[in-house]
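Please have the sequence and the model at hand while reading.

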Amino acid sequence: MSAATGELLYPNTLSLHKLPFSFSPCSCISLFSPFRSLSPPILSLSLHRKPPILHLFSSRQNGAVEDDDELEEDVVNGDDDDESDGHAYAIDLDALEQEARHAAREYSTSLSRELIIDDEADDPKDSGRKQKRPKSTSANIPDHLLPRVAIVGRPNVGKSALFNRLVGGNRAIVVDEPGVTRDRLYGRSFWGDYEFMVVDTGGVLNVSKSQANVMEDLAITTTIGMDGIPLASREAAVARMPSMIERQATAAVEESSVIIFLVDGQAGLTAADVEIADWLRKNYMNKFIILAVNKCESPRKGILQVSEFWSFGFSPLPISALSGTGTGELLDLVCSELKKVEGIENPNEEVDHVPAIAIVGRPNVGKSSILNALVGEDRTIVSPISGTTRDAIDSEFTGPDGQKFRLIDTAGIRRRAAIASSGSTTEALSVNRAFRAIRRSDVVALVIEALSCITEQDCRIAERIEKEGKGCLIVVNKWDTIPNKNQQTATYYEQDVREKLRSLDWAPVVYSTAIAGDSVDKIIDAAGTVEKERSRRLSTATLNQVVQEALAFKSPPRTRGGKRGRIYYCTQAAIRPPTFVFFVNDAKLFSETYRRYMEKQLRKDAGFSGTPIRLLWRSRRKMEKNEGRAAYRAQASLAPRDRKLALTTAAAAATTT
């Protein structure tokens, strides 16, 4: 193919079908092999400019159409057999472009239905206020510039339920057991013209308690997922858990301008509530503190329930996070102490896309350690206790080059059978949140432990990532634990990983030691590269060259009946992930082996490292006989020489315009 004129160069057909045309990124190209043994179809432009039409002609064995009368006879008879000679097909480029985009959307929708994530424990009635976003410029303000409102209190008073009520939806896990929330969880909320960030925190335990009571209050186990950890280490981890949760709550209070101190109106005043109230009065009287008495569904009983909390020195406000009673008055109080933040000057200006990176894997592989190492602070609790992370924790991060990312730490994903046998509703919901994090991410960092064997569960997570169409990189954490490393260790290790995780053979491998902070910056570098590859669109010329070379090297095999698959038309219909639609004579003639070969050639010649690519195969629609007769009659009125002259003139005009 000539790069300058865009002509199709085929030796035996040049005299009849040398028609100049130009390429454009939004148009598609006929793809075929230059070898006559493949009986390639030949491209020529029709007389119509809008919409553009392609006529595909099957060449004869000698590589050229020898007589126009034979061609006309085939069109009249509607001869549309793939192995017949001298037939024509009229193809509307605009229609095929639309059909390709429709095919990509249809495939994505059907795949999403297959991967529906059921939120079994979340009741839609209790999903909080599902409001429309306000039509204000504040919606364009980055999260880190919004004022913060922290919710604090002892375990199991309904902090996460109130958080869900304020932000809308089911962001935080709500289960009727203590110690579910441990890390800080952020969500945007609004009330009137005000918009702010709400921070959910874990239950604060300031009262000195025995280890048994701490384990009961926080629902901690020292058996599940802690095999191989000495008993003394387990007990030490349990003893440190309350202080780590308290540090997370303290960090939330420090950065907030308004504090919602939540207590349980049904349980009444407790010693833990008294100590938290004393802690707030002693250290944070410079902040606006609201005492909210939760679980006051009845207005009459609410007055009695709040009466005993007047002793704290704050004005108690009865609310119900479950039904929404009193939350309007609560939001009025919150907004009365907030400063309104002005939005950006041009709200209609397109905001740059911030890629989301989900960190997933089995329990205790170091996901939270990686997040903390990247953001440079103890954003999440790190502990050898399995299941420490419950919710999907979002954090903002800016790379060295100024590129912004949203990091999502997730709970460890165990096998469904193991979760079912444990009987833990909280763990089931945590895994649910992890899968949701994969769905709302752009790039997934699949973390595996260096000394641990790749298990069947790792393969299932990898398959899920590939089906979701997300970019991926494999992070081998705790690389320092590999003994006697040399220059070949990483090579052999990568070969083993690719052999076992075959569904992610296109994903880059990164080695890191999160605890020491070694090589964690490579994770962000690799994720940025993967996101660029996932958003890349091939030019028409490049796509034509790649597929043409693939066909020349290996043509589609013939069936037992003698039929051969032919590629007429190809276009990239979508990005994220890159989706290519091939229009062929019959999709059934292309075996799965040949489809994998075509994908391999696309990756080899065009890249797309770290992202899945989708190849959709669409059978050509048979041209109706009456359409064939109409097309013949339209050109039959012209003499053969006039038809050729008109065809060439129209093609040249189409190129110049």
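This is a predicted model: local features need pLDDT of at least 70, side-chain atom pairs count only at pLDDT 80 or more; totals for chains, interfaces and linings use all residues.

Residues are numbered from 1 along each chain as its sequence is written, and side-chain values use heavy atoms, with hydrogens and water left out.

**Aromatic pairs**

- Twelve aromatic pairs are found in a search of the whole structure, where rings of Phe, Tyr and Trp (its six-membered ring) pair if their centres lie within 6.5 Å, and planes under 30 degrees apart count as stacked, over 60 as edge-to-face and the rest as tilted.
- F582 and W617 are stacked, because their ring centres are 4.6 Å apart and their planes are at 15 degrees.
- Since F582 belongs to strand 17 (residues 579-584) and W617 to strand 18 (residues 614-619), this pair ties together parts that are 35 residues apart in sequence; strands (E, at least two residues) and helices (H or I, at least four) are DSSP runs, numbered from the N terminus.

**Burial**

- F582, at 0% relative accessibility, counts as buried, as does W617 at 11%, where buried means under 20% relative accessible area, exposed over 50% and partly exposed in between (1.4 Å probe, protein chains only).
- Y594 and Y597 are both buried.

**Charges over rings**

- The charged end of K340 sits over the ring of Y194, 5.4 Å from its centre, a term that requires NZ of Lys or CZ of Arg within 6 Å of the ring centre and within 35 degrees of the ring normal.
- R464 lies over the face of F435, at 4.8 Å from the ring centre.
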